[in-house]
Amino acid sequence: MNDLIQKTAQDLAGAKNVVALTGAGISVESGIPPFRGPGGLWEKIDPLEFAHIDAFMKDPAKVWNFFIKEMKEILDNAGPNDAHKSLARLEELGIVTTIITQNVDGLHQIAGNTDVIEFHGNFAWQRCLDCDERFETVRLDISQIPPRCSCGGIYKPDCVFFGEIIPPHHLLRSEQVASTCTIMLVIGTSAEVHPAALMPVIAKQAGATVIEINLEKTSLTQKTSDYIIMGKAGEIMKRLTSEVERLL
Ligand code: APR
């Protein structure tokens, strides 16, 4: 692993326009469970029953009571870890420009990154299903379930549920930055959900170096990634960033 960290640090130290694609794995060390694999949320609850738009429209109170309230508690108590902080530091150093995140926890922005594409939205906001008004989750009164807007409409987290499309401006911009980056760091994603999982492929086809950081190999490892550094994102990113700083 040391050699790979050394090699990656050398690549990053000499690079500009590095983009990171992040998934749930980057926030595990912040106390937020992943979706898949051991201890994954989808092991406990059926995503089609609680995270699909049809399920929400059919019974919003059930989804609020058994999924969203739990997510809110977990996210309310989570803060950035060394991996988030390292990406913010790499932005300060002029290396990382943009983060495409599948996460709805807002931890990249809290850590200090300024250009974050929230591919699946952000849980910090709710959207009224009737008048489309956005409302901050922290100000939400959840003594009434489902919570309602002043227009009487039901609030839904401003996140992309299964069965919903990715906001077109996020998709377009992600494809743009993926096709022009020099290096793509792919951190803590199983790369099983599309179209997010296509971004490393677009980067690779455009000539970028694709580097995975994950506890385990993914569907990208064989076909798309130049190499994978296996381990915890927080530990690896911290070592990587201090090595980059040493080289600069
Ligand atoms: N450090 C690095 N990688 C980790 C860590 C860690 N500490 N912990 C877990 N991982 C890896 C796992 O090995 C797995 O490959 O992170 C990945 C998490 O994968 P998923 O749980 O599938 O999360 P993600 O890829 O973000 O899911 C994509 O699916 O459920 C939907 O909308 C949801 O955005 C989510 C999307």
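**Basis.** I worked from a predicted model, in which local features need pLDDT of at least 70, side-chain atom pairs count only at pLDDT 80 or more, and totals for chains, interfaces and linings use all residues. Residues are numbered from 1 along each chain as its sequence is written, and side-chain values use heavy atoms, with hydrogens and water left out.

I then looked up polar contacts (pairs of N or O atoms within 3.5 Å). A side-chain N or O atom of S190 is 2.6 Å from an oxygen atom of the ligand. For H120, the corresponding value is 2.9 Å. A polar side-chain atom of N214 lies 2.7 Å from a ligand oxygen. The protein covers 94% of the 740 Å² of accessible area that the ligand has on its own (Shrake-Rupley method, 1.4 Å probe).

**Strand 8.** I read strands as DSSP runs of E with at least two residues, and helices as runs of H or I with at least four. Strand 8 spans residues 209-214 and is largely enclosed by the rest of the structure, because five of its six residues are buried (under 20% relative accessible area, 1.4 Å probe, protein chains only).

Strands pair if DSSP finds at least two bridges between them. Strand 8 pairs in the parallel sense with strand 7 (residues 183-187) over five bridges, and with strand 9 (residues 227-230) over four. I213 is the bridge partner of I187, and I211 stands opposite Y227.

Technical notes. Polar contact = N/O pair within 3.5 Å; in protein donor to acceptor, adjacent residues only side chain to side chain. Buried < 20%, exposed > 50% of the residue type's maximum accessible area, 1.4 Å probe, protein only.
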